[in-house]
Amino acid sequence: MKFKKEGKVLLIIVISAAMAVISMFMTDNSDKLFCSIKRPEPGEESQVKRINVVGEDGESITSVDVEIAPRIMTQDEAAGCFEKAYEEIAGIMCGRNKDLEHVTSNLVLPETAQRGVVSLTWYSGNYELINYNGNVNNIGFSENECQNVELKLIMEYEDYKSEYDFAVTVYAREYSTGDRRKIQAQKDIEAAVSSSRMDENINLPQYIADSKVHYEESEKPVSPLLFVLLGGAAILVVIIADKKKVKDNAIKRKKELLYDYSEVVSKLTLLLGAGMTTRMAWHKIAADYKDNIEHGKAVRRPVYDEICKTDYNIQAGISELKAYEQFGKRCDTREYMKLAALLQTNIRKGTKELRRLLEEETADAFEKRKNMAKIKGEEATTKLLMPMMMMLMIVMAIIMIPAVWSFQI
């Protein structure tokens, strides 16, 4: 294993050294090469080269970055390039047409030839019939109608220019049987619609291209993509609404817990003052709540549900310390966690000050409950603001509308 590892290290060293030597030789050769520079051929991209200028003593003088443009052709080379470009254009400009003497569809008129070396400019003798892009407008031609058009091509390369003429004969567009029936149907229906302007009903042609037809009124189909988008939007709305509902329920639960805190602490204080132990007082509160729920005397409240759950846990064998700790965590508010801590301290140390501490907590809790009641009243007033504004607008409309009508009279 060690031998394999050493062999790999040795191989890496050998390869690195060989590449370093090759790089040195390449650098040395390149320094001696630059006595002349070869230009790119016509049609190739310009090149940027860095040339190191070295004196006779071998010291570097400077480095120069130069952009080398492609070589410009001579007049004879340009003439030969134009001939090749003409052959290239002649082979593609007909497009789907058989030849220029019988043109029924669009021509292909390129803007460059010979890999972009030669630029091409097209001129048409009738731009309405053939434009500079090669589009042929022969839709209105009758079956045997034709027109002649002269196309002029100007080839340019640097200062060299050459002109060529092409004679084009345009015939009516060739259609398949199905396309002919479509065009004929459109013409016949448009003629029927335009010729019966004074008639109540429009009589559509019963025959199109010697074939009997009937008609169906079609509605614009709805894109399936719309349903996909609507479905995605609906899923998004459901997810957002569900999250908002969970958040609203959590906020509502927390408010109810805080609002009932003073009542729970007051009951515990009263029962402990009557001589009950903490466990008995807790069980009594849970039993009274369950009895009231069964007889319809009370509605479900989150804190009493948690008290009942804690009572069940204690009956199932969980220690009171653990049960009260879980109760505080489930309620997840500072007030109930403090209450759970007081009950746990009472069980651990058997403090006699639990009743006094609960009485102080009851006084603070009732003060907080009064503040919460004030906040609820302010929220109710804010919620009534919008209905009051709507009622004011209705009253103003009842007063203003008859007044405006009376001015018009």
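Biologist: Is Thr 104 buried or exposed?
Modeller: In this predicted model, Thr 104 is buried, because its relative accessible area is 10%, and buried means under 20%.

Biologist: Where is Thr 104 found?
Modeller: Thr 104 lies in the loop between helix 2 and strand 3.

Biologist: And which residues is Thr 104 in contact with, leaving aside its neighbours within four places in sequence?
Modeller: Thr 104 is in contact with Asn 97, Asn 138, Tyr 171, Ala 172, Arg 173 and Glu 174.

Biologist: Let us step back. How many helices and strands does the protein have?
Modeller: The protein has nine helices and eight strands. Of its 409 residues, 24% are buried.

Biologist: How many residues are in the largest nonpolar core?
Modeller: That core has 31 residues, and Leu 107, Ile 130 and Met 155 have the most contacts inside it. Helix 2 (75-92), strand 4 (118-124), strand 5 (146-157) and strand 6 (160-171) each supply at least two of the core's residues.

Biologist: What joins strand 4 to strand 3?
Modeller: Two bridges join strand 4 to strand 3 (residues 112-113), and the two strands run antiparallel. Ala 113 stands opposite Val 118 in this pairing. The two strands form a hairpin with four residues between them, and Gln 114 in the turn has a positive phi of about 55°.

Biologist: How many bridges join strand 4 to strand 5?
Modeller: Six bridges join these strands, which also run antiparallel. Within strand 5, Glu 156 is the bridge partner of Ser 119.

Biologist: What is the order of the strands in the open sheet?
Modeller: The four strands of this sheet have the order 3-4-5-6, with antiparallel pairing.

Biologist: Why is one side of strand 3 and of strand 6 left without a neighbour in the sheet?
Modeller: Strand 3 and strand 6 stand at the edges and each has a single partner strand, so one side of each has no neighbour in the sheet.

Biologist: How do strand 1 and strand 2 pair?
Modeller: Strand 1 (residues 47-54) and strand 2 (residues 60-68) pair in the antiparallel sense over eight bridges. Val 64 in strand 2 is the bridge partner of Ile 51. The two strands form a hairpin with five residues between them, and Gly 58 in the turn has a positive phi of about 90°.

Biologist: One last topic. Which residues form the nonpolar patch on the surface?
Modeller: The patch is made of Leu 385, Met 386, Met 389, Met 390, Leu 392, Ile 394, Val 395, Met 396, Ile 398, Ile 399 and Met 400, with about 1,100 Å² of accessible area together. Leu 385 is found in helix 9 (residues 354-408).

Technical notes:
Residues are numbered from 1 along each chain as its sequence is written. This is a predicted model: local features need pLDDT of at least 70, side-chain atom pairs count only at pLDDT 80 or more; totals for chains, interfaces and linings use all residues. Side-chain values use heavy atoms; hydrogens and water are left out. A nonpolar core is a set of buried Ala, Val, Leu, Ile, Met, Phe, Trp, Tyr and Cys residues joined through side-chain atoms within 4.5 Å. Buried means under 20% relative accessible area, exposed over 50%, partly exposed in between (1.4 Å probe, protein chains only). Patches are made of residues with over 30% relative accessible area and no salt bridge: like charges are joined within 9 Å, nonpolar side chains (Val, Leu, Ile, Met, Phe, Trp, Tyr) within 5 Å. Accessible areas come from the Shrake-Rupley method with a 1.4 Å probe; for residues, only the protein chains shown count as cover. A salt bridge is a side-chain nitrogen of Lys or Arg within 4 Å of a carboxyl oxygen of Asp or Glu. Two strands pair if DSSP finds at least two bridges between them. Contact means heavy atoms within 4.5 Å.
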